[in-house]
Structures are given as structure tokens and as C-alpha cells.
Amino acid sequence: MEEKAQKKDVQQHDKGLIPQNGLSTIVVREFEPADKPEVQQIFYEGLMEMVPDTAFRGLRHHPESLLLYAAMTVACVVITMCWWLIGLLPALLLCGRCFYSRRVIHGYLEHAMSRDMGDIEGFYTKSSESCLWVAVLEGRVVGVVGAVGRQESGGAVELWRMSVDRSCRRCGVGMALGRKVLEFAATHRYSSVVLGTTAYTPAAHQLYLRLGFRCVGVTNGYVTPGARQSLLERIFYRVCHHHYSLDVQNSRITSNGQH
């Protein structure tokens, strides 16, 4: 009986079916044209969550910004001696960070929509080196991830656009999507899988580490695609770009999708 159960689990994994404690099953399959509205909505909502993440949570990761804001406060004290303005200044600085974070994220959204996310079928199906998958839970699309091969980068595949519906997080959706990309890389004999993220939420980094990635570098002051790079934007918007990499040959994912 145990052998039959193990065989059934392997068959489910090969088909993209991931059991969730016997309650429901996550189905990871390739993108279909009918999925486009749901995929774009999940991608949009995931990006909008980056606004408070970069504006507020990210502030403590940038001491240079804190020093700049402290210097602005001191200058305000010396120049104006207006105590109500000095008391209001922290709120104004946070509003500035929120405004410019939203503007940059919207610029990135426009950039993505002008490339792959606006023409998903054309971008991800034009060659065998790219693919987009969706995670389906209880008949509903709840996650998305893409893979783009980079033969010019030494045979690496880049993990793109991973986003999970907020109501379905901590259900294994991210792990199922990530494993699908690793299986794609192993099947197509890529040497590594790489990704980059500007997220500050610990859960995102923990997911990549659980999948087997390791952080290989951090770019402070990363220029987000779509950013205008104005003076005020540079003052109020600053992010770290974490670079992750995974050696496919040394990972636990094999070409048939088993661990």
C-alpha cells in the first residue's frame, strides 16, 4: 500500500499536482489565453504591494536615506525655526516616499506591460527557451511564474514575474511554481537558475532559500526599469536589488521532476 501511495504522489508531482495536506491540490500548468485577465490582475496586485514595502519597510535598510532625512530636519530647524513644520516634517518625508514609490512602481508596470505582460502569448510561446505557468487552486488561478532562457549568460534561465494571490499565500503555491521553473531548467539542461528581487518582505527571501537559491550579491541604489531618475525620485526612492542563483546540477530537482 505504501509503495502505491508513493507512486501516486510521484505521478501527481510529474503532472504538476501538489497535494496540500489532503485538503486541496495545487495544479501548475502552462499559461492559456483565457488566463490572461487573472494573470495580469495577480501581477498588478503583487506590484502594488511593493509600494508600502519600499516606502516604509525598506527605509530601515537604507541608513544613507535616514541620514539625509535627518540632515533635512536639521536644516529646517536652522532655517525656519518653525516648530509645527519641524514636527510635520517626518510625515511629509514618508508621504514623499510613498508618492515616489508608487510612481516608480507604476512606471515598472508600464514597462512590463509593454514587454511580456502585455503580450503574454507572443513573448512566452515564441521559443522553447521561455514559458509561463499558472498555479490553479480549487479551479481558480492563484499564482504565476515565468522562465526566460539566457544562453548568452552561460546557459542560465531567469525566473520572472513570480506572484501569488494574497489570499493563497503560505499554502505552498510559491514552492510549486518555483519547482516548476527548476524542472524546466533541468529538462532543458540549463546550468543555473537566476533571479533578482527588490522585495524587503522576509517571506519572499525565505521562499527562494527553501527552493535552494543562494544570494550572490546585492546592488544598493538599483535603478528600477521605468524609473525617471529625477532628483526627488532619487531622494525618496531607493531600493536594494538582491541577486539569487541556483546551480541546477547540484540541486535536488532532476529532469523528471522528482526530488
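Trainee: How many helices and strands are in the protein chain?
Mentor: The protein chain has nine helices and eight strands. Helices here are DSSP runs of H or I with at least four residues, strands are runs of E with at least two, and both are numbered from the N terminus. It is a predicted model, so local features need pLDDT of at least 70 and side-chain atom pairs count only at pLDDT 80 or more, while totals for chains, interfaces and linings use all residues. Residues are numbered from 1 along each chain as its sequence is written, and side-chain values use heavy atoms, with hydrogens and water left out.

Trainee: What share of the residues counts as buried?
Mentor: Of the 259 residues in the protein chain, 45% count as buried. Buried means under 20% relative accessible area, exposed means over 50%, and partly exposed is in between, with a 1.4 Å probe and protein chains only.

Trainee: And what part of the contacts comes from residues 24 or more positions apart?
Mentor: Such pairs make up 70% of the contacts in the protein chain with a separation of 6 or more. Contact means heavy atoms within 4.5 Å.

Trainee: Which residues touch the most other members of the largest nonpolar core?
Mentor: V39, W133, L159, V173, L177, V193 and F213 do, out of 71 residues in that core. Helix α7, residues 173-187, gives the most to this core, with nine residues. A nonpolar core is a set of buried Ala, Val, Leu, Ile, Met, Phe, Trp, Tyr and Cys residues joined through side-chain atoms within 4.5 Å.

Trainee: At what angle do α7 and α8 pack?
Mentor: The angle between α7 and helix α8 (residues 202-211) is about 45°, and their axes are 10 Å apart. That makes α7 oblique to α8. Axes are lines fitted to C-alpha atoms, for helices over the stretch in contact, and angles run from 0 to 180 degrees between N-to-C directions. Under 35 degrees counts as roughly parallel, over 145 as roughly antiparallel, 65 to 115 as roughly perpendicular, and the rest as oblique.

Trainee: Which residues make that contact?
Mentor: From α7 there are G174, M175, G178, R179 and L182, and from α8 there are L207, R210 and L211. They divide into four nonpolar, two polar and two charged. In this scheme Ala, Val, Leu, Ile, Met, Phe, Trp, Tyr, Cys and Pro are nonpolar, Asp, Glu, Lys and Arg are charged, and the others, Gly among them, are polar.

Trainee: Moving on to α2 and α5, how are they arranged?
Mentor: Helix α2 (residues 36-48) packs on helix α5 (residues 83-113) at about 155°, with axes 10 Å apart. That makes α2 roughly antiparallel to α5.

Trainee: What about α4 with α5?
Mentor: Helix α4 (residues 63-80) packs against α5 at an angle of about 145°, again with axes 10 Å apart. In α4, S65, Y69, M72, T73, C76, V77 and T80 meet L85, I86, L89, L93 and R97 in α5. Those residues divide into eight nonpolar, three polar and one charged.

Trainee: Is F236 buried or exposed?
Mentor: F236 is buried, with a relative accessible area of 10%. F236 lies in helix α9, residues 231-236. Not counting residues up to four places away in sequence, F236 touches Y69, L93, G96, R97 and Y100. F236 and Y69 are 167 residues apart in sequence, yet 9.5 Å apart in space, C-alpha to C-alpha.

Trainee: New topic: what is the phi of R170?
Mentor: R170 has a positive phi of about 65° although it is not a glycine. Most residues other than glycine have a negative phi. R170 lies in the loop between β5 (156-164) and α7, and R170 is exposed at 82% relative accessible area.

Trainee: And R189, what is its phi?
Mentor: R189 has a positive phi of about 60°. R189 lies in the loop between α7 and β6 (192-197), and R189 is exposed, with a relative accessible area of 76%.
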